[in-house]
Amino acid sequence: MKLLRIDSSARKNSVSRQLTAKFVESWRKHHPEGEVLERDLALTSLPNITDEWVHAVHSDPATLTSEQKIVLATSDALIDELRQADEIVIGAPMYNFSIAAPLKSWIDQVVRAGQTVLFGTSGPKGLLEGKKVYVITSRGGTFRPGTPAERFDFQEPYLRQVLAFIGLTDVTFIHAENQKPGPQGETAKAAAIAKIQQLTRHVPVNAIQ
């Protein structure tokens, strides 16, 4: 069993990093023989998508030049990490109602025709099926369905859609909301930790109150 931990916060001691660390700690207790792969996107050089990158992606792999292979090297490594993983935990702080720039850059590198998604006559088909994904978010406010700020949540809907596009449809979100100084933030963080501990024991989500 392999777990891939992905962090994307710019802050070294961010709430999302604290919670992905808690997830790994709890996961290890229940998977003592398991392996944890770690990818810190804030410390990873993620190249921009360029014309050279697009051309290499849509070229026959058998004809790639050495320069094209270098252009795709980061994408290849990140996709390989996803393929290896049985479970994936993503730390995703909300920045300006959406996701952090490094996480978006990671997505641009791993959503790749012929590698993580195929386009056929019946439409796109994601190739990374059969993996469990946990997305742990930290948010400054409350964006739950039915709240006034729900319409500003461009984080969860986008991540659900783009992950499903590459076959990652079994996704559970753990939200640590109201992450501002004060008791509300601490209560929300404690609730997120409790949910993490439940989920890493593979208790069904609908059994968690």
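Guide: The model is predicted, with local features needing pLDDT of at least 70 and side-chain atom pairs pLDDT 80 or more, while totals for chains, interfaces and linings use all residues. Residues are numbered from 1 along each chain as its sequence is written, and side-chain values use heavy atoms, without hydrogens or water.

Visitor: Which residues of α7 does α1 meet?

Guide: On the side of α1, the residues in contact (heavy atoms within 4.5 Å) are Val15, Gln18, Leu19, Lys22, Phe23 and Ser26. Their counterparts in α7 are Lys189, Ala192, Ile193, Ile196 and Gln197.

Visitor: How many salt bridges does the structure hold?

Guide: A salt bridge requires a side-chain nitrogen of Lys or Arg within 4 Å of a carboxyl oxygen of Asp or Glu. For the structure, the total is 13.

Visitor: How many residues apart are lysine 2 and glutamate 35?

Guide: Lysine 2 forms a salt bridge with glutamate 35, with 3.7 Å between the closest N and O atoms. Lysine 2, at 24% relative accessibility, is partly exposed, and glutamate 35 is also partly exposed, at 38%. The pair links distant parts of the chain, from strand β1 (residues 2-7) to strand β2 (residues 35-40), and its separation is 33 residues.

Visitor: Is aspartate 7, the salt-bridge partner of arginine 5, buried or exposed?

Guide: The closest N and O atoms of arginine 5 and aspartate 7 are 2.8 Å apart. Buried means under 20% relative accessible area, exposed over 50%, partly exposed in between (1.4 Å probe, protein chains only). Arginine 5, at 12%, counts as buried; aspartate 7, with a relative accessible area of 5%, is buried.

Visitor: Which residues do salt bridges that share partners join into one network?

Guide: Arginine 139 forms a salt bridge with aspartate 153, the closest N and O atoms lying 2.9 Å apart. Both residues lie in the loop between β6 (132-138) and α6 (156-165), so the pair ties together parts 14 residues apart in sequence. Arginine 139 and aspartate 153 are both buried. The network joined through shared partners consists of Arg139, Arg144, Asp153 and Glu177.

Note on methods: Helix = DSSP H or I, 4+ residues; strand = E, 2+ residues; numbered from the N terminus.
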